[in-house]
Structures are given as C-alpha cells and as structure tokens.
Amino acid sequence: MFRKLHYCLFLLFFFSVVPAQEGRLEKLIQDAKEKKLTPKNILEIERLTSNSKNDTLNMNAYRFLGETYSELEVYDKANLFLQKALYLAKKNKLNKEIGILIGNLGNLQRHIGNYEKSLELLTESKKHFQKTNNLSELANANANIASLLITTGHEQEAIKILIPIINDKGTKPKKKAILLINVGAIYSKLKKYDIAVNYYLEALSILKFEKNMEKMGMLTYQNLAESFIKMKQYDKALFYNQKSEKMLLNSDSNLLKANLYLLYSEIYEGKLDFKKAYKNHQSHLEYKELSDSAKATLKFENIETLNKLENQKLDLQIKGQKIQLLENEKFATRTKITFLILLIIGILLLSYYLIKKQRSKVKSLSHVIHQTEDKLEFTQTKTDKMVLNIVKNNDFIERFKDNLKQVQKTTSDSESKTELGKLLFELQNFKLINDTKEELFNEVDAQFLYKLEKKFPSLTEEERKICVLIYLNLKNKDMAVILNLSLRSVENSRYRIRKKMDLDSNDNLSTVLQSL
C-alpha cells in the first residue's frame, strides 16, 4: 500500500513540476532574445534543459547557450551546445535550423582561427539553403562567408559578396541595415573613413524606422564618432557620441558605456581639453572593469556537475529508457527525503552548538570591551597631551624665530648675521612645507595627470603623488616630509617608478615627467 501511494505521489510531482520547469525555461529563452538575462539565469537554462523532454524547446535552449558561450569565448562549451542543438534539429528534420546551426559552427571555427574548417562549414550551410530555396537564410550564409573573408584579409572579396545582398529588393530592412554597417566597418578597417561614414548614415536612415534595433543604433552612432575622430573632425564625433549616450540611458550594457567614454576621452584629447579627457578616461576604466567582471562571472562559473547530468539524461532520452528513468527518479526522491531529514537534524544540532559557542564568545567579548574602553581612555589622555605638546612646539618655534630676528638685529658681526639668516630661512621653509603640502597637488594641471595615468597605468596612487612632487621640482627630503615617509622610502619609490617607466640609467626622471 505504501509503495503504491509513494508511486502516485511521485507521478503527481513529476507531471506538475516538469511542465512548470519547461514554462520557466521557455520564459528564460524569450528573455534571452530581449537581452534581459544575468549569468545566474543562463546557468538556470542549463539546469532546466537537462529536465525537459521538449525537443524543440531544448534545441532553442542549446542554440542560445552555444551562441552565448561563443560570445564569451568559451569555445569548448559553445561547440558542445551547438552540436546538441544540431543533433535535435536533424532528428526532427528542421531544415531552417539545421542550416543556421551549421553556419554557427562555421562562425565558431572562425573565432578559434580554424579558417579552413570554417569555410567548409559555412559553404555547407550555404548549399543547404540553396537546396531548400531559403533565400533569406542564404543571404545570411553569404554574409557569414563575407565575415570570414574579412578576418582572413580579403576585404574587397567580402564587399563583392555583401553589396549585391544590400541592393537586392528582397533583403529585409533590418538585415540590410546590419550589412551596411558591416560594409562601413570594412571601409573603416581600410582607413577609408569618408566612405565608411556614408554606409553608417544609410544604415541609420533604415534603423530609425525599425523596432528593437536600439543597440544596433547605438553601435552605429559610436562607429560614426570613431570615424570622425580618425578624420580629426571632433565636433561631428562629439555630436554622434552624444546621440549614442542618450540612447544608452535606457541600456544596462557596461561594454557600450565603456566604449562611449573611451570615445569621449579621445574626442576631448583631440580638442586639447585634457581635464575632460582625463575624467572620461576614468569613467571608461570603471565601466570596462564592470563589463569584464560580469563576463568573468559566467565564463569561470563552475558548472561541471550540471553538464555531466545533462549528458546522462540526454542519452536516456535518445535511447528511450523511460521506465528506467522513472525508477531512478523515484529512488532519487526517496534519497532526497532521507537526506533532507538528516540535513534538518544536522542543522538543528549545528545551530545548538553555534548558539552555545556564541554565548561563550559574548562573555569573552564583553571582557575585551571593558579592557578596550580602559585602553581608549588611556590613549585619549595621551592624545590630549600630544596635541598640547604640538601646540606648545609651534608656539616655541614662533618665539624662537622672533628671538633669532632680535639677535640678528642686535649683533654686529656680519658672519653671525648670515648664519642667523640661514637658520631663519630653514625655519620658514619647514613651516611653509607643512602648511601647504595639501595644496601642492592642486597646482598640477589636468593635462599632466591625464597623460601620466594614460601612459603609465601601472603606477600606484603613492607613486603618482611622488611623480607630481618631482614634476614640481621638490627635493627628496621635502617629499618625505609632505608624504610622511622616510627618505629611504622616497628613494625606493623613485627606483620603482623608473623601473615601471622602463628608463635607462642615463635618463633623468624629472626631465621625462616635465616632457609629458
């Protein structure tokens, strides 16, 4: 009786959870098309696909995962998922998807530098669409071959392939705009920036009437800005980069924002406004770090166990061992329930142990707090005395300086007067350095700071401060006083700075900094 009840409950769980999981998977794939996914969501797609029995849904998921990992340059995983998607497409005789996936695998081979294999797969994709008479996808296949030709340095051949597709009346506007941008990029690579600009502008004239092409529009504006920078037309470059910035307000792409601020820094550098160039360069570095961090989060996520589970369950689906699968799931459910009970007991025992341990720590910390309060009271008394001594020392220095002046006035010996004058000068310099050390850094112009950080990005904050002081022609002992360092530390820092700047022994560090 118990076995029958357990089996019924399992079936109820299975047939209620699996459809819900497939619905969640379908929603995630739909979000993927709108670029709303996080690394966590992508990993969830991997997990949910292993439990789905819907071939079409799984094929779309595998295709998405393959394309995503290809963008992240995780080519082994990209190849694995694209091969799985291709298997399901062939199994279900989905002609359009077969050609697309073969093309994707060809593009993947291009990314890893296997151009011969890439050309073989892209040609196979082209022949497949010729055979099925799918003109739209045939144009895509030709565009993929053109991309390979661009990569291998055959730009003119690529243009010969792309121009007829652009001029074809059957080419859809979105596709035509993308191809125009690609041709513009080719001419930009060939340093024919005026021609590139014409293609970008023609693409924009199409994109403004199309929906869901905001990202492509932003990229085109940035491409235009980059082309005008190369032509040293900085006002036009600024105009198009600002248009890109307005569109980026509704985007969360850190990569596009990083490129936006990089272009701004180059524009303002060209306009000799180094303060703005420096500020935008800093913003570029911040967004680039955010973009690299998000990319690395997914790229290096440990999901090996999930992949093994996917492979095992996919093999079970192919062999059709449904009965064995149910038995395994039933056993797994029992094991999970047992494990869950043991886990709860373990958590309770651990909680009891931790609470007991925390109580002991609270008592110990209470004793430490009392001791710390006593020490703080003692330290406060010492600090008050130190402050009083500093005030007295300052008063003493002022009185001593006045006394020296009086002695200098009354003495008739010229040599003594000279020596007293030197002492007064040293006292005045000591006071001046201590009073104005924070203002020294504000005297440096933004152009010097911008060029220093851009040319030598490996310098630390302390090393950049020392460079500023060297630029202001201060001596080592004055730098040591300003930065509250020993003379030895300042000399060591100068040695490290020379090493990072790759200077020879004959090179003068001060001269190098003055020349920036």
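**Helices, salt bridges and a patch**

Analyst: Helix H9 (residues 173-189) packs against helix H11 (residues 214-230) at an angle of about 20 degrees, and their axes are 11 Å apart. This is a predicted model, so local features need pLDDT of at least 70, side-chain atom pairs count only at pLDDT 80 or more, and totals for chains, interfaces and linings use all residues. Residues are numbered from 1 along each chain as its sequence is written, and side-chain values use heavy atoms, with hydrogens and water left out.

User: What counts as a helix or an axis here?
Analyst: Helices (H or I, at least four residues) and strands (E, at least two) are DSSP runs, numbered from the N terminus. Axes are lines fitted to C-alpha atoms, for helices over the stretch in contact, and angles run from 0 to 180 degrees between N-to-C directions.

User: Are H9 and H11 roughly parallel or roughly antiparallel to each other?
Analyst: Roughly parallel. The cut-offs are under 35 degrees for roughly parallel, over 145 for roughly antiparallel, 65 to 115 for roughly perpendicular, and oblique for the rest.

User: And which way does H9 pass H11, left-handed or right-handed?
Analyst: The crossing is left-handed. That term applies if the near helix is turned anticlockwise from the far one by less than a right angle, and right-handed if clockwise.

User: At what angle do H6 and H7 cross?
Analyst: Roughly 165 degrees. The axes of H6 (residues 115-132) and H7 (residues 135-151) come within 8 Å. H6 and H7 are therefore roughly antiparallel. H6 also passes H7 in a left-handed crossing.

User: Where is Lys 127?
Analyst: Lys 127 sits in helix H6. Its relative accessible area is 54%, so Lys 127 is exposed. Here buried means under 20% relative accessible area, exposed over 50%, and partly exposed in between (1.4 Å probe, protein chains only). The C-alpha atoms of Lys 127 and Ala 141 are 9.1 Å apart, with the two residues 14 apart along the chain.

User: New topic. How many salt bridges are in the whole structure?
Analyst: Nine. A salt bridge is a side-chain nitrogen of Lys or Arg within 4 Å of a carboxyl oxygen of Asp or Glu.

User: Why would such side chains pair?
Analyst: Side chains of opposite charge can do so when their charged atoms come close.

User: Which side chain meets Asp 55 in a salt bridge?
Analyst: That of Lys 91, at 3.3 Å from N to O. Asp 55 is in helix H3 (residues 55-71) and Lys 91 in helix H4 (residues 75-91), so the pair ties together parts 36 residues apart in sequence. Asp 55 is buried at 17% relative accessibility. Lys 91 is partly exposed at 44%.

User: What about Asp 235?
Analyst: Asp 235 forms a salt bridge with Lys 271, and the closest N and O atoms are 2.7 Å apart. Asp 235 lies in helix H12 (residues 234-248), while Lys 271 lies in the loop between helix H13 (254-270) and helix H14 (274-299). Asp 235 is exposed at 56%, and Lys 271 is partly exposed at 36%.

User: Which residues are linked with Glu 463 in a network of salt bridges?
Analyst: Arg 496 and Lys 500.

User: Last one. Which residues form the nonpolar patch on the surface?
Analyst: Phe 339, Leu 340, Leu 343, Ile 344, Ile 347 and Leu 348. Together they have about 590 Å² of accessible area. Areas come from the Shrake-Rupley method with a 1.4 Å probe; for residues, only the protein chains shown count as cover. Patches are made of residues with over 30% relative accessible area and no salt bridge, joining like charges within 9 Å and nonpolar side chains (Val, Leu, Ile, Met, Phe, Trp, Tyr) within 5 Å. Ile 344 belongs to helix H16 (residues 322-410).
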